[in-house]
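Welcome! Please take a moment to look over the sequence and the 3D view before reading on.

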Protein chains: 2
Amino acid sequence: MNTTNKQIGKSISFIYRKKQIYINAKLCEYGIGCSEYMYIISLPLDSSVNLSYLSNELGVDPALTTKVINSLVKKEFVYKHRSENDKRSFEVSLTEKGKKIKPIIRKVLDEWMELMTKGMDDKTKESIIENLEMMVKNIKYR
Amino acid sequence: MNTTNKQIGKSISFIYRKKQIYINAKLCEYGIGCSEYMYIISLPLDSSVNLSYLSNELGVDPALTTKVINSLVKKEFVYKHRSENDKRSFEVSLTEKGKKIKPIIRKVLDEWMELMTKGMDDKTKESIIENLEMMVKNIKYR
């Protein structure tokens, strides 16, 4: 067993789960459920995004993406429509309600990241980003 | 908006979600559902652990921990019993079935970490651990 690898995995999982608890508690009052915020935050204000592309970018199973997007459609945060370029695929875009909630989610995420990176200088943060991106690259298309 | 912080959060979330997809697919055949593996892997082979402590260590909401543990009790991977020191709290320990599945989960987790840290030397990994631990420390008791 490789203790170093184990420690990396454990810390990443811990950080992610604590983030989910924090974000969900803060966004609960806006009717945004678990995992829904990340779709809203990933959608641009002025254009639509292909559903498969979104799934891939977020690292989420396509079936789960469909489920979450359908919930967001019901809550009127996003529109879902057939792609004009490829009628077999779907695209999503933010509704006016979705556009209004996006900066609120951004603020909550920024607050969380401030808490998490407290006491870390820019050089340390840059090094973290670089290393995390190396890991993302290794697993992105798996 | 702080782009650096944003990038750290985005990468950590991506890595966590891809890991969940990989682990769930590999453990599906053993009847281990989403998020259940991390409880089994965290329990020692020869003693029991307090439920609140486990929740805190994993960074999981106590209500969710209770739900997952109850599912694992039903599947006979863990026992749940009242603490001898404090009759108001619960402890959990691995059953024989749980003890048998633990090394299988460990192997899947190790395979994933090997994939993820491909091409990274020990010094880089040590630096990642150090930085992630700084973040864990910042948020652990929030």
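What follows is a short tour, from confidence scores to a single residue.

## How confident is the model?

Keep in mind that this is a predicted model. Its overall scores are ipTM 0.89 and pTM 0.90.

Chain A has a mean pLDDT of 93, with 99% of its residues at 70 or more. Among the elements of chain A, the highest mean pLDDT, 97, belongs to strand 3 (residues 90-94). The lowest, 91, belongs to helix 1 (residues 3-27) of chain A.

## How the two chains are related

## Where the chains meet

In the interface, 48 residues of chain B are in contact with 48 residues of chain A. On the chain B side, helix 1, helix 5 (96-116) and helix 6 (122-139) each supply at least two residues. Helix 1 of chain B gives the largest share of that side, with 16 residues. Sorted by class, the side of chain B that touches chain A holds 23 nonpolar, 13 polar and 12 charged residues.

Why can we say that the copies meet through the same surface? Of the interface residues of chain B, 100% are also interface residues in chain A, so the same surface is used by the copies.

## The sheet of chain B

Now look for the open sheet of chain B, where 3 strands lie in the order 1-3-2 with antiparallel pairing. Its edge strands are strand 1 (49-50) and strand 2 (78-82) of chain B, and each of these pairs on one side only.

Strand 2 and strand 3 (residues 90-94) of chain B run antiparallel and are joined by 5 bridges. For instance, B:Val78 has B:Leu94, in strand 3 of chain B, as its bridge partner. Helix 4 (residues 62-74) of chain B packs on the sheet, where this helix touches strand 2 and strand 3 of chain B. The direction of helix 4 makes about 120 degrees with that of strand 2 of chain B.

## A closer look at one residue

Finally, find B:Ile23 in helix 1 (residues 3-27) of chain B. Is B:Ile23 buried or exposed? B:Ile23 has 22 other C-beta atoms within 10 Å, and the cut-off for a buried residue is 20 or more, so B:Ile23 counts as buried.

Leaving out residues up to four places away in sequence, B:Ile23 touches B:Tyr37, B:Val108, B:Leu109 and B:Trp112. Between B:Ile23 and B:Gly33 there is a C-alpha to C-alpha distance of 9.7 Å, and these two residues are 10 residues apart in sequence.

Technical notes. Residues numbered from 1 in each chain as written. Chains lettered and ligands numbered in written order. Predicted model: local features only at pLDDT ≥ 70, side-chain atom pairs only at ≥ 80, totals over all residues. Helix = DSSP H or I, 4+ residues; strand = E, 2+ residues; numbered from the N terminus. Buried ≥ 20, exposed ≤ 12 C-beta atoms within 10 Å, placed from the backbone. Contact = placed C-beta atoms within 7 Å. Pairing = 2+ DSSP bridges. Axes fitted to C-alpha atoms, helices over the stretch in contact; angles between N-to-C directions. pLDDT = per-residue confidence, 0-100. Nonpolar A, V, L, I, M, F, W, Y, C, P; charged D, E, K, R; others polar.
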